[in-house]
Every structure is written in C-alpha cells, then in structure tokens.
Amino acid sequence: MMGDGGSIFSARWVLVDAFHSRKDCAIHVQDGKIGEIAPLQDLTSRFPAAEVHIGENVAILPGFVNAHHHCFGVNLVNQGISDDLLEPWILATVGSASISSKTSTEYAALRLLKNGVTAVVDACTAGETAILAETKIREKLEIYTGLGMSCAVAPGERWQNRIVHPSGQDQAFLTDLPEPLRDKLEHQHLARARLNPAEYLGLVLRLAEEYAQAETSDVWFGPTAPHWTSPQLLKEIARALRERGLRMQTHAEESLLQHLTAGRPGYQNTVVELADIGLLGENLSLAHMVWADEYDLREVAEMGAHVVCNPSSNLRLRSGIAPAWKMKRLGINLALGMDGTSLAGDDDMFAEMRLARNLYWPADPLGPGLTAQDVFDMATMGGARLMGMDQSIGSLNAGKRANFIVVSLDRLQGPWLAESVDPVELLVSNAKASDIQSVYVGGSLTVSQGKVCNRNEHDVLENINEEMQRAADQRLSTQDYAIVRSALLRWYDNWLTHSAQLR
C-alpha cells in the first residue's frame, strides 16, 4: 500500500520508453499514475511522506503489451497437438480439450502478468449464441481488469470456407475422405453452431458502446480473417469503424497457402479487399502479414493501419518470416504479439523481442534490420498505439498508469558490465522472464518473485486440471489425423497446380 505521499522506486536504470532511459534515478508514483523521474535524493526530499522502495541493481521498464493473443488454456503440445503447417494445425486444434473460456482466460492472464504483460488484445471465438458470446466477452473483461490489466477483447468467427480454401469447397474436399472421418469433420467444423453475423454485429456494437468510456478495457470487432467473413459483414463493420470510431483486429496474409488460395471468386488479396471495403485505416490492426508484398505494405502505411508481428507463432506453424524491417522502413506502426504460441510456450516477452530482433533482417545482410530499441518499442508503445491507449500505457511518461516491471540485473551483468552499455540492448539481448522481480499495475504490487499477489493461482490450476479431466476427448486419432493431413496437402497441391496451368 502507498502512503499519502505516494511511493518512490529507485533503480540503476529507469526506461521511460524504448528510446529514453535514465541512469541512477527513481520514479514517484501517486494515485496509480507515474509522477516525476529524478534522482532518488531529490524525490525523497520533495515527497518526505512517500514510501520508498530501494532497487538493488534493478531496471524499471514499462509493462509489456501483448498485441495479439489466443487463450488456449493448457499448451496444445501438452494435449498431443504438435506444431505443423497452419492449415492442418487449425484442423487439429479444433479437437483440443473443451474447457471453459473463463478458466482458460484466467490461466492465460496469470501467465502473461507474471511475465510482465500488463495489456493484451485477446482474439477469441465469439461463441455459439449471442447470450453465450456476451457472457464470454464480459468474463474476459472482468478477469483482465480484475488483475489490473488493460485489455481489448476482439471476438470473431470463421463463417465460411471452414475447412479449406478457396470459398465453397469444403464439401468437395470431404468427399475424398473415408465416411467415418468425413462425418467427424462435418460435425466439428461444418455443423458447429456459430453466432450468426447479424447478431454478432449487434452484440459488438452494443458492448463497444457500453465500454467506450472505460479507461482500461475495450471491445473490438475480430472477424478471424477477411476470407472467412462475408463481404456484407465486413462492410457493416467498416461503417461502424468509420462512424463510431470502433476498432478491429483480424488475421491477414498469415500463410503461403492463405496468400495463394484464400477467398472467393474475384477476391484479389487481403489488403486490396480491406481497402475496397473501407476497412483499411488507423482503427484496423492486422496480425501476421507474413506474405504481404511491397504494394500491400505501402497501402497499409498510407492508410495508417497497424501490424502485429508474431515471430514465434509464424515459425512454429511454418508460416515464414514477416518483412518487418520493410514495414518499419515504410513507417507502419508495429506491435508484438505472442499469439498463444510463443516459441517455448512460456509467454516470455523478452524471448519474443529477442527472436524478433534476430529474425527481422532484410535479404541484404548489410541492410538495416530492427534494432533492440525497435523491438522494445513494438512490445510497449507500438502495442499501446495499436490499442488506442498510448495516452495511458506503453511508457513511463508522467501522467500515465503506473504499469511497470522491476527486473533484476544480477544475472545480466555477469562478472563484468561496461559502464557504457545500453540498457535496452542489454535487456533485449539477455533478459528472461525469470529475471522479473515484481510487476506493478496501476501502482499496486501485482506480482512478486513469480507469484501473483491478488489471485490464488492454485485455484486456477485446480480448475484447469478438473476441466481437462472432464473434457471429452474429441481429438482425431493419430491415424485419422495422418489421413486428413495428407488429403489436405494433396488438395492444396492440386489446386495450386491447376491454378498455375490456367495462368
């Protein structure tokens, strides 16, 4: 608890943002907001009633923003679902254990918070009915805000071409499968109840309006991808973004097969479609964009849309490496997302930054890639800008929410550390989530030594275990999955060969 004079936190380094740091300074926190940053002695003399926290060889940095995430609950590999090409992997994930959205969100939120993530964009499925969807969205908002986290919940769905691309070919694909397997996929993918588009539109409009004045929470449109959504619904969403200032996040240009085959007759590509519909603008964020070309990226830059890079997910699901260096050069605001599939399944944003920094280089090895400062900005202010919350989170500027991480430098400095070392470079290059001493949200201690202070994590884990044990095993058998995977890859190979012949 803070005294009447607030609290003072000292550190070897205070990272205001990716490009500005202060050495041997302290921050004053009052009423959950960042106050001044100054030498410790100056602050203690000016605020004698403040509670003082002396940082022993630590760095204080802004809380991270995970700008694109899915709450899968227990890691999918723990459920026997291995990494694969995106398209067969999507089919496999439908058979994951069906536990409640509330339990999986609680588990995900605690993991993120312990790793210094204090803001998140949650891309989730909408639900089967309007009542179930509303319950899910409200539960997610309550969980995140209850932990002090800033959040945007972006529900969506795959309304069309649910099994294969291009549109309208699901039944044609299924005819080549053995009848029992065909029946199983029809039940899991085609017959699964989905919130209808009209009800979806009305629900998001109503909830977005309700939460419009909330400081730390928001409701967005989140259609899973344009090629899974009807043009009419996308036009209605575009009108809402234009007239009401709402936001939308969607997957775009994630895999090569999506890039080459997705869509309906006359479909050009994701960026062109979004531009024609009127969605491409500053209230739109695009997750992945691995296969976007130079023309597409120029359009995105010109219209002010945001891009979320997901390096771990794109590697694990064989999607490729996004041209983030090119996006940065064009002036696109970049954010970082862990997509529920970080490289080690541990939601470590330090590892995600490190991967981004080392992956996102141009083909010319002498060309400029992303710097440590660039990827740190993606994980903080880039995400805050994307969320439309850059006036309240993403940096430690005065007046913003006091969301910050205290990181021990003991392991990082090793036996020797140069006085001139850049703290951002040091943290991005070497830090791990295990170096986090504590996390503060709104000025309140939320995580201490790896333990969440205001939630009994044991209860959440108990709920996970109980629900996993009760969940019916709907997964495809190893043999069935091998048949489906082979048929799926054969389908795309035939489609691509036929398309090439027509050209």
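## Before we start

Because the model is predicted, local features need a pLDDT of at least 70 and side-chain atom pairs count only at pLDDT 80 or more, while totals for chains, interfaces and linings use all residues. Residues are numbered from 1 along each chain as its sequence is written, and side-chain values use heavy atoms, with hydrogens and water left out.

## Rings that meet

Let's begin with the aromatic side chains. A pair of aromatic rings is described by the distance of the centres and the angle of the planes. Here, rings of Phe, Tyr and Trp (its six-membered ring) pair if their centres lie within 6.5 Å; planes under 30 degrees apart are stacked, over 60 edge-to-face, and the rest tilted. The structure has 9 such pairs. One of them is Phe9 with Tyr440, edge-to-face at 4.8 Å centre to centre and with 70 degrees between the planes. This pair ties together distant parts of the chain, 431 residues apart: Phe9 sits in strand β1 (residues 7-17) and Tyr440 in strand β15 (residues 436-441). (Strands, E, of at least two residues and helices, H or I, of at least four are DSSP runs, numbered from the N terminus.) Both Phe9 and Tyr440 are buried; buried means under 20% relative accessible area, exposed over 50%, and partly exposed in between, using a 1.4 Å probe and protein chains only. Ring pairs also bring in Phe404, making a cluster of Phe9, Phe404 and Tyr440.

Why is the pair of Phe173 and Trp491 edge-to-face? The ring centres are 6.0 Å apart and the planes stand at 85 degrees, so the pair counts as edge-to-face. It links distant parts of the chain too, with Phe173 in helix α5 (residues 170-174) and Trp491 in helix α19 (residues 478-502), 318 residues apart. Phe173 is buried at a relative accessible area of 2%, and Trp491 is buried at 16%.

## Charges over rings

Some rings have a charge sitting over them, meaning that NZ of Lys or CZ of Arg is within 6 Å of the ring centre and within 35 degrees of the ring normal. Arg12 places its charged end over the ring of Trp13, 5.1 Å from the centre. Arg158 does this with Trp228, at 5.4 Å from the ring centre.

## Helix α11 and its two sides

Which residues of helix α11 (residues 294-303) are buried? They are Asp296, Leu297 and Val300. Covering the buried residues are elements including α10 (270-277), β11 (284-288), β12 (306-309) and α13 (324-330).

Just after α11, Gly304 has a positive phi of about 80 degrees.

Thr103 belongs to helix α3 (residues 101-114) and is buried, at a relative accessible area of 4%. Leaving aside neighbours within four places in sequence, Thr103 is in contact (heavy atoms within 4.5 Å) with Asn463, Ile464 and Glu467.

Thr380 is found in helix α15 (residues 372-387). Thr380 is buried, with a relative accessible area of 0%. Not counting residues up to four places away in sequence, Thr380 touches Pro62, Gly63, Phe64, Val65 and Gly394.
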